[in-house]
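Please read this note with the model open beside you. The points are numbered, and each can be checked by eye.

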Amino acid sequence: MKSHLKIESKQLNILFDSLKDRGYTIVGPTIREGSIVYDNIYSANELPIGWTDEQSAAVYKLKRRGDNSYFGYNLSPYSWKRFLFPPRVKLFSAVKKGKSFKINSDSKDASVPNYAFIGVRPCELQAIKIQDKVFNNGQYIDTVYKNRREKIFIVAVNCTQAGGTCFCVSMNSGPKAGNGFDIALTEVIDKDGHYFIGESGSGKGNELMSKIPHTVAGQSEIENANKLVQTTAKQMNKSMDTKDIKELLYANLESRHWDDVATRCLTCANCTMVCPTCFCTTVEDVTDLTGDNAERWKRWDSCFTMDFAKVFGGNFRSSSRARYRQWMTHKLASWIDQFGTSGCVGCGRCITWCPVGIDITEEIKRLKIED
Ligand code: SF4
Ligand code: SF4
């Protein structure tokens with residue numbers, strides 16, 4: 001049985017210091033411009049202390065909690081893919097030499113820091129595992145992702161409240177982290193004080209946790225932490241019925257349901273930008289004004305953008321009906337054929353950040369009714 005350690009909240013900065021001493025660049029939740037985002041942080045004081053996020057379809061608001069919780073919110077509009085699979089990467093540059101070009105490979109990504117991610121939610125751990133299958137596990141390895149991924153240290157934080165758009169329970173990805181972390185913490189604020197119950201998930205997690213002042217957690221403290229997570233699961237009021245979901249989507253490619261979604265969807269691509277598993281990219285070439293220096297960049301793209309399906313002779317997905325259907329059918333059906341897993345972890349970001357409040361769980365329910 002894994003041992004659980006009790007770490008007083010005031011010791012959290014020792015975790016930060018220990019990570020910095022080991023050469024990690026820490027990325028964690030912090031408040032910027034009215035939302036909780038993931039960014040470089042240097043101490044626990046930069047965490048969103050005492051703040052929570054209120055989320056529902058097309059709604060995101062920060063609110064005071066009335067306590068000093070460090071991780072009392074749910075999910076950032078950012079996901080960790082921004083650090084493992086950056087929005088823009090230079091692939092190479094070229095310099096004109098006479099009548100030819102000299103190509104310089106810039107794709108080694110050599111200056112990438114060793115990231116320590118603090119506050120990774122269980123559904124986000126599952127999203128990282130899914131991106132591992134896409135980028136780091138098959139015939140084609142994405143070296144930018146691989147270089148970043150193999151160096152990270154993950155401090156997961158179990159969820160002690162359900163967000164308004166979360167449905168991780170039905171996607172079997174939360175609210176408790178199972179594996180894939182170096183350290184997992186559950187934050188507890190009760191009559192006995194403010195503390196974390198911590199467990200390690202790797203040798204380096206074990207080594208680092210032993211350096212933080214702690215006591216061995218008592219049975220009642222472990223039960224208190226477990227109860228918070230169990231209550232979170234019960235609070236979740238959204239779900240997705242995934243039984244035969246692949247067959248449902250494949251059988252409904254011509255459903256009138258897609259016409260209905262198309263009347264609401266703006267094809268803005270927000271859902272794909274915030275989704276922690278979406279991975280579409282495009283490639284752009286740029287030159288300077290002299291024409292002597294050129295660069296090739298890879299950047300995030302989306303199956304919702306007009307040009308994404310533009311090929312010689314036309315656009316094979318020009319309608320919003322076709323684009324929404326492509327996104328949902330890939331995410332929940334053909335992803336399973338490609339990678340052996342759903343492309344959705346139930347984080348609910350696409351629901352919160354869709355400007356017209358399209359809810360993927362409700363769309364599946366409607367598709368079932370119309371089936
Ligand atoms: S579903 Fe919503 S977020 Fe996604 S493209 Fe349509 S309007 Fe934008
Ligand atoms: S499809 Fe929506 S709920 Fe599912 S992982 Fe992506 S953003 Fe989260």
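1. Start with the rings. Ring pairs join Phe-85, Phe-135, Tyr-145, Phe-279, Trp-300, Trp-335 and Phe-339 into a cluster. Two rings of Phe, Tyr or Trp (its six-membered ring) pair if their centres lie within 6.5 Å. Planes under 30 degrees apart count as stacked, over 60 as edge-to-face and the rest as tilted. The whole structure holds 21 aromatic pairs by this search.

2. A word on the ground rules. This is a predicted model, in which local features need pLDDT of at least 70 and side-chain atom pairs count only at pLDDT 80 or more, while totals for chains, interfaces and linings use all residues. Residues are numbered from 1 along each chain as its sequence is written, chains are lettered from A and ligands numbered from 1 in the order in which they are written, and side-chain values use heavy atoms, with hydrogens and water left out.

3. Which kind of pair do Tyr-115 and Phe-117 form? The pair is tilted, at 6.0 Å centre to centre and 35° between the planes. Both Tyr-115 and Phe-117 are buried. Buried means under 20% relative accessible area, exposed over 50%, and partly exposed in between (1.4 Å probe, protein chains only).

4. Now go back to the cluster. The ring centres of Phe-135 and Tyr-145 are 5.0 Å apart and the planes stand at 45°, so this pair is tilted. Phe-135 belongs to helix α3 (residues 122–135) and Tyr-145 to helix α4 (residues 143–149), so the pair ties together parts 10 residues apart in sequence. Helices (H or I, at least four residues) and strands (E, at least two) are DSSP runs, numbered from the N terminus. Phe-135 counts as buried at 7% relative accessibility. Tyr-145 counts as buried at 0%.

5. Next, the cavities. On a 1 Å grid over the protein atoms alone, a cavity is a set of points where a 1.4 Å probe fits but cannot get out. Lining residues have an atom within 4 Å of a point. Grid points are joined across faces, edges and corners, and a volume is the space filled by probe spheres set on the points. The count is eight cavities of 30 Å³ or more.

6. The largest cavity holds about 130 Å³ of space. Its lining has 15 residues, and Cys-265, Cys-271, Tyr-324, Cys-354 and Ile-358 are the closest to its centre. By class, 14 of the lining residues are nonpolar, one is polar and none is charged. Here Ala, Val, Leu, Ile, Met, Phe, Trp, Tyr, Cys and Pro count as nonpolar, Asp, Glu, Lys and Arg as charged, and the others, Gly among them, as polar.

7. What takes up the space of the largest cavity? Ligand 1 does. A molecule sits in a cavity if more than half of its atoms lie within 2 Å of its grid points. Ligand 1 is surrounded by 13 residues, and the closest are Cys-265, Leu-266, Cys-268, Cys-271 and Cys-354. A residue is near a molecule if one of its heavy atoms lies within 4 Å of it. The shell has 11 nonpolar, two polar and no charged residues.

8. The second largest cavity has a volume of about 100 Å³. Of its 16 lining residues, Cys-275, Pro-276, Cys-344, Cys-347 and Cys-350 lie nearest its centre. Helices α10 (320–339) and α11 (349–352) each give at least two residues to this lining. The lining has 10 nonpolar, four polar and two charged residues.

9. Ligand 2 takes the space of the second largest cavity. Around ligand 2 are 13 residues, the closest being Cys-275, Cys-344, Cys-347, Gly-348 and Cys-350. Its shell divides into nine nonpolar, two polar and two charged residues.

10. Check the backbone too. Most residues other than glycine have a negative phi, and most peptide bonds are trans. Gly-174 and Pro-175 are joined by a cis peptide bond, with omega about 5°. Pro-175 is in the loop between β9 (153–157) and β10 (183–190). Asn-172 lies in the loop between β9 and β10. Asn-172 has a positive phi of about 60° and is exposed, with a relative accessible area of 71%.

Note on methods: On a 1 Å grid over the protein atoms alone, a cavity is a set of points where a 1.4 Å probe fits but cannot get out, and a pocket is an open set with protein on both sides within 12 Å along at least five of seven lines; lining residues have an atom within 4 Å of a point.
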